[in-house]
Amino acid sequence: HGGAPISCVRFGARSALALSAGWEGSVRVWQVDGWQLCAELQAHECCCADAAFSPDATRIATAGRDGHCTLWTAHTAAASSGWRWQLAVRLQGHPHLTRCIAFSDDGHWLASGYEDGHVFIWGIGPHTPHASELNRSQL
(Lines give C-alpha, C1' and ligand atoms only; values in the text may rest on other atoms or scores of the structure.)
Protein backbone atom coordinates (compact mmCIF):
# COMPACT_ATOMS: atom_id res chain seq x y z
CA HIS A 1 0.00 0.00 0.00
CA GLY A 2 2.95 2.24 -0.61
CA GLY A 3 3.56 2.97 3.06
CA ALA A 4 -0.05 3.98 3.74
CA PRO A 5 -1.69 2.70 6.94
CA ILE A 6 -3.65 -0.56 6.69
CA SER A 7 -7.30 -0.34 7.71
CA CYS A 8 -8.13 -4.07 7.70
CA VAL A 9 -6.96 -7.55 6.76
CA ARG A 10 -9.20 -10.57 6.10
CA PHE A 11 -8.86 -14.22 5.11
CA GLY A 12 -11.10 -15.79 2.48
CA ALA A 13 -12.79 -19.19 2.60
CA ARG A 14 -10.45 -22.04 3.40
CA SER A 15 -7.72 -19.40 3.90
CA ALA A 16 -6.44 -19.70 0.32
CA LEU A 17 -6.70 -15.93 -0.19
CA ALA A 18 -6.24 -12.91 2.04
CA LEU A 19 -6.83 -9.21 1.50
CA SER A 20 -5.52 -5.99 2.93
CA ALA A 21 -7.19 -2.59 2.62
CA GLY A 22 -5.30 0.68 2.86
CA TRP A 23 -5.90 4.30 3.57
CA GLU A 24 -4.84 5.20 0.04
CA GLY A 25 -8.03 3.50 -1.25
CA SER A 26 -6.74 0.19 -2.58
CA VAL A 27 -7.37 -3.43 -1.70
CA ARG A 28 -4.62 -5.96 -2.26
CA VAL A 29 -5.49 -9.63 -2.72
CA TRP A 30 -2.86 -12.16 -1.69
CA GLN A 31 -2.49 -15.87 -2.36
CA VAL A 32 -1.70 -17.24 1.10
CA ASP A 33 0.47 -20.07 -0.20
CA GLY A 34 3.72 -18.17 -0.77
CA TRP A 35 2.15 -14.75 -0.01
CA GLN A 36 2.12 -13.66 -3.63
CA LEU A 37 0.20 -10.55 -4.63
CA CYS A 38 -2.66 -11.62 -6.93
CA ALA A 39 -4.33 -8.27 -7.56
CA GLU A 40 -4.50 -4.64 -6.52
CA LEU A 41 -7.98 -3.16 -6.75
CA GLN A 42 -8.35 0.62 -6.74
CA ALA A 43 -11.62 0.59 -4.84
CA HIS A 44 -11.93 4.16 -3.54
CA GLU A 45 -10.71 7.71 -4.08
CA CYS A 46 -9.59 7.88 -0.47
CA CYS A 47 -9.41 5.51 2.50
CA CYS A 48 -10.80 2.00 2.12
CA ALA A 49 -12.17 1.63 5.66
CA ASP A 50 -13.18 -2.05 5.48
CA ALA A 51 -13.30 -4.99 3.09
CA ALA A 52 -14.71 -8.50 3.19
CA PHE A 53 -14.74 -11.72 1.19
CA SER A 54 -18.03 -13.41 0.35
CA PRO A 55 -18.41 -16.80 2.06
CA ASP A 56 -17.14 -18.61 -1.06
CA ALA A 57 -14.35 -16.01 -1.58
CA THR A 58 -15.45 -15.25 -5.16
CA ARG A 59 -16.52 -11.68 -4.36
CA ILE A 60 -14.99 -8.83 -2.39
CA ALA A 61 -16.97 -5.94 -0.94
CA THR A 62 -15.33 -2.70 0.18
CA ALA A 63 -16.44 0.25 2.28
CA GLY A 64 -14.84 3.60 1.59
CA ARG A 65 -14.55 6.87 3.41
CA ASP A 66 -15.82 8.38 0.13
CA GLY A 67 -19.33 7.08 0.99
CA HIS A 68 -19.32 4.32 -1.64
CA CYS A 69 -19.25 0.57 -1.37
CA THR A 70 -17.84 -1.53 -4.18
CA LEU A 71 -18.48 -5.13 -5.11
CA TRP A 72 -15.81 -7.07 -7.04
CA THR A 73 -16.23 -10.45 -8.71
CA ALA A 74 -13.50 -13.01 -9.25
CA HIS A 75 -13.02 -14.86 -12.50
CA THR A 76 -10.64 -17.77 -12.63
CA ALA A 77 -8.13 -17.66 -15.43
CA ALA A 78 -5.51 -20.14 -16.56
CA ALA A 79 -3.72 -21.83 -13.66
CA SER A 80 -0.62 -19.76 -14.29
CA SER A 81 -2.40 -16.43 -13.93
CA GLY A 82 -4.79 -17.30 -11.07
CA TRP A 83 -7.70 -15.01 -10.26
CA ARG A 84 -8.83 -11.87 -12.10
CA TRP A 85 -11.03 -9.42 -10.19
CA GLN A 86 -13.54 -7.17 -11.94
CA LEU A 87 -15.61 -4.32 -10.52
CA ALA A 88 -19.20 -5.55 -10.61
CA VAL A 89 -20.99 -2.55 -9.11
CA ARG A 90 -20.41 0.62 -7.11
CA LEU A 91 -23.11 1.01 -4.47
CA GLN A 92 -24.17 4.48 -3.37
CA GLY A 93 -26.74 4.38 -0.64
CA HIS A 94 -25.92 7.23 1.69
CA PRO A 95 -23.88 10.44 1.53
CA HIS A 96 -22.01 9.82 4.80
CA LEU A 97 -18.72 8.01 5.37
CA THR A 98 -18.93 4.23 5.13
CA ARG A 99 -17.26 2.56 8.11
CA CYS A 100 -17.82 -1.19 7.78
CA ILE A 101 -19.14 -3.91 5.48
CA ALA A 102 -20.11 -7.58 5.82
CA PHE A 103 -21.62 -10.42 3.77
CA SER A 104 -24.40 -12.62 5.08
CA ASP A 105 -23.51 -16.29 5.59
CA ASP A 106 -25.30 -17.27 2.36
CA GLY A 107 -23.64 -14.47 0.35
CA HIS A 108 -26.98 -13.03 -0.86
CA TRP A 109 -26.91 -9.93 1.37
CA LEU A 110 -24.41 -7.22 2.12
CA ALA A 111 -24.62 -4.85 5.10
CA SER A 112 -22.86 -1.48 5.15
CA GLY A 113 -22.59 0.76 8.21
CA TYR A 114 -22.28 4.54 8.00
CA GLU A 115 -20.73 7.19 10.21
CA ASP A 116 -24.13 8.72 11.07
CA GLY A 117 -25.48 5.44 12.49
CA HIS A 118 -27.41 4.21 9.44
CA VAL A 119 -27.09 0.70 8.06
CA PHE A 120 -27.95 -0.35 4.52
CA ILE A 121 -28.84 -3.96 3.75
CA TRP A 122 -28.17 -4.72 0.09
CA GLY A 123 -29.76 -7.60 -1.79
CA ILE A 124 -26.97 -8.66 -4.16
CA GLY A 125 -28.62 -11.46 -6.10
CA PRO A 126 -28.37 -11.90 -9.87
CA HIS A 127 -30.34 -8.72 -10.56
CA THR A 128 -29.54 -5.09 -9.82
CA PRO A 129 -28.65 -4.61 -6.14
CA HIS A 130 -31.40 -3.10 -4.02
CA ALA A 131 -31.11 -1.59 -0.55
CA SER A 132 -33.12 -1.26 2.63
CA GLU A 133 -32.12 1.46 5.07
CA LEU A 134 -32.18 1.09 8.85
CA ASN A 135 -31.66 4.15 11.01
CA ARG A 136 -30.20 4.40 14.49
CA SER A 137 -33.59 4.05 16.23
CA GLN A 138 -34.28 0.72 14.46
CA LEU A 139 -31.02 -0.90 15.58
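This is a predicted model: local features need pLDDT of at least 70, side-chain atom pairs count only at pLDDT 80 or more; totals for chains, interfaces and linings use all residues.
Tutor: Local features require pLDDT of at least 70 and side-chain atom pairs 80 or more, while totals for chains, interfaces and linings use all residues. Residues are numbered from 1 along each chain as its sequence is written, and side-chain values use heavy atoms, without hydrogens and water.

Student: Why is Arg28 called buried?

Tutor: Its relative accessible area is 18%; buried means under 20%, exposed over 50%, and partly exposed in between (1.4 Å probe, protein chains only). Arg28 is therefore buried.

Student: Why is Phe11 called exposed, and why is Trp35 called partly exposed?

Tutor: Phe11 has 52% relative accessibility and so counts as exposed. Trp35, at 48%, therefore counts as partly exposed.

Student: What makes the pair of Phe11 and Trp35 edge-to-face?

Tutor: Rings of Phe, Tyr and Trp (its six-membered ring) pair if their centres lie within 6.5 Å; planes under 30 degrees apart are stacked, over 60 edge-to-face, and the rest tilted. The centres of Phe11 and Trp35 are 6.4 Å apart and the planes stand at 65°, so the pair is edge-to-face. Phe11 and Trp35 lie 24 residues apart in the chain.

Student: What makes the pair of Phe53 and Trp85 tilted?

Tutor: The centre-to-centre value is 6.5 Å and the angle between the planes is 55°, which falls in neither the stacked nor the edge-to-face range. Both Phe53 and Trp85 are buried.

Student: Which residues have the most contacts inside the largest nonpolar core?

Tutor: Phe53 and Trp85 are among them, as are Leu19 and Val27, in a core of 18 residues. Such a core is a set of buried Ala, Val, Leu, Ile, Met, Phe, Trp, Tyr and Cys residues joined through side-chain atoms within 4.5 Å.

Notes:
Helices (H or I, at least four residues) and strands (E, at least two) are DSSP runs, numbered from the N terminus.
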